[in-house]
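Have a look at the fold yourself before reading on.

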Amino acid sequence: MIPYIYYPKITIDADALNQVIRTFDGKFITDDRELARLTFKPSEDPGLTMYQRIVDNYPYMVEFQKQIPILGPIFNIYIFSPYETIDTHIDKSRLCALNIPLSNTDKADTIFYDHVSDKKQYIDSRALDEVEEGAELFRFNMNKPVVFNTTIPHKVINHQPNYRISISWGFNCDFEEAVDFFESMRVL
Ligand SMILES: [Fe+2]
């Protein structure tokens with residue numbers, strides 16, 4: 001088992017997820033630039049970043065969580081601008097996440113790096129520690145849902161002219177425990 005990512009055997013209703021992230025005041029937003037503008041506003045919930053949403057506020061997410069109860073109470077919406085890079089970091093608010101592709105994720109690189117030093121700086125607005133980048137360990141293009149080890153330094157490069165959209169849903173456990181959960185589901 002590689003310690004960076006794991007592909008779980010799950011099916012996800014992408015249309016339902018698009019409804020979750022693209023519906024504002026009952027209107028479905030198709031334009032990605034407008035979607036980014038509407039999505040990234042200071043949260044009304046103190047303690048949440050612009051990216052974070054509360055699972056309990058979305059009936060589809062609550063139902064989905066019932067199938068995978070190790071999923072935590074918060075999910076993130078990531079909308080990368082054209083050609084945007086998120087520098088090498090480790091996540092602070094969770095140990096691993098279920099990352100779900102929605103748009104153009106196959107045209108962006110996700111790269112893991114060796115951990116060489118302590119943090120450079122904490123980015124409060126994104127709840128992450130930027131860290132020094134060591135040797136490259138592994139890279140992939142996300143084209144299906146993946147369990148992602150957010151404790152290993154990683155960077156995402158969107159090298160194409162469209163918005164890259166995904167959901168990243170933190171687990172209540174570490175990477176190994178999440179993998180064990182999905183492996184035991186396969187046996188059932
Ligand atoms: Fe991250």
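1. A word on labels: helices (H or I, at least four residues) and strands (E, at least two) are DSSP runs, numbered from the N terminus. By that count the protein holds four helices and twelve strands. Residue numbers start from 1 along each chain as its sequence is written.

2. Keep in mind that this is a predicted model: local features need pLDDT of at least 70, side-chain atom pairs count only at pLDDT 80 or more, and totals for chains, interfaces and linings use all residues. The score pLDDT is the predictor's confidence in each residue, from 0 to 100. Here the average is 93, and 98% of the residues score at least 70.

3. How about overall shape? The C-alpha trace spans about 45 × 40 × 35 Å along its principal axes. The radius of gyration (taken over C-alpha atoms) can be held against a globule rule, 2.2 Å times the number of residues to the power 0.38. For 188 residues a compact globule would come out near 16 Å, and the protein has 16 Å, so the two agree.

4. Next, contacts: two residues are in contact if their C-beta atoms, placed from the backbone, lie within 7 Å. Of the contacts with a separation of 6 or more, 80% join residues 24 or more positions apart.

5. The sheet deserves a slow look. Strands pair if DSSP finds at least two bridges between them. Six of them form an open sheet in the order E1-E10-E7-E12-E5-E4, with antiparallel pairing. Strand E1 (5-6) and strand E4 (52-54) are the edges, each pairing on one side only. Further in, E5 (residues 71-80) and E12 (residues 164-171) are antiparallel partners over seven bridges, and Ile-77 stands opposite Ile-167 in E12.

6. What packs on this sheet? Helix H1 (residues 14-22) does, touching E5, E7 and E12, and its direction makes about 95° with that of E7. Helix H2 (residues 32-39) also packs there, touching E5, E7 and E12, with its direction at about 130° to that of E5. For these angles, axes are lines fitted to C-alpha atoms, for helices over the stretch in contact, and angles run from 0 to 180 degrees between N-to-C directions.

7. Now burial. A residue is buried if 20 or more other C-beta atoms lie within 10 Å of its own, exposed if 12 or fewer, and partly exposed in between, with C-beta atoms placed from the backbone. Buried residues make up 29% of the 188. Strand E10 (residues 146-149) is covered on both faces: Val-146 and Phe-148 on one side, and Val-147 and Asn-149 on the other, are all buried.

8. Stay with E10 for its neighbours. It pairs with E1 in the antiparallel sense over two bridges, and with E7, also antiparallel, over four. Phe-148 features in both pairings: Ile-5 stands opposite Phe-148, and Phe-148 is the bridge partner of Ala-97.

9. Two loop residues are worth a click. Asp-25 is not a glycine, yet has a positive phi of about 50°; it sits in the loop between strand E2 (23-24) and strand E3 (27-28). Asn-104, another non-glycine, has a positive phi near 60° and lies in the loop between strand E7 (96-103) and strand E8 (108-123).
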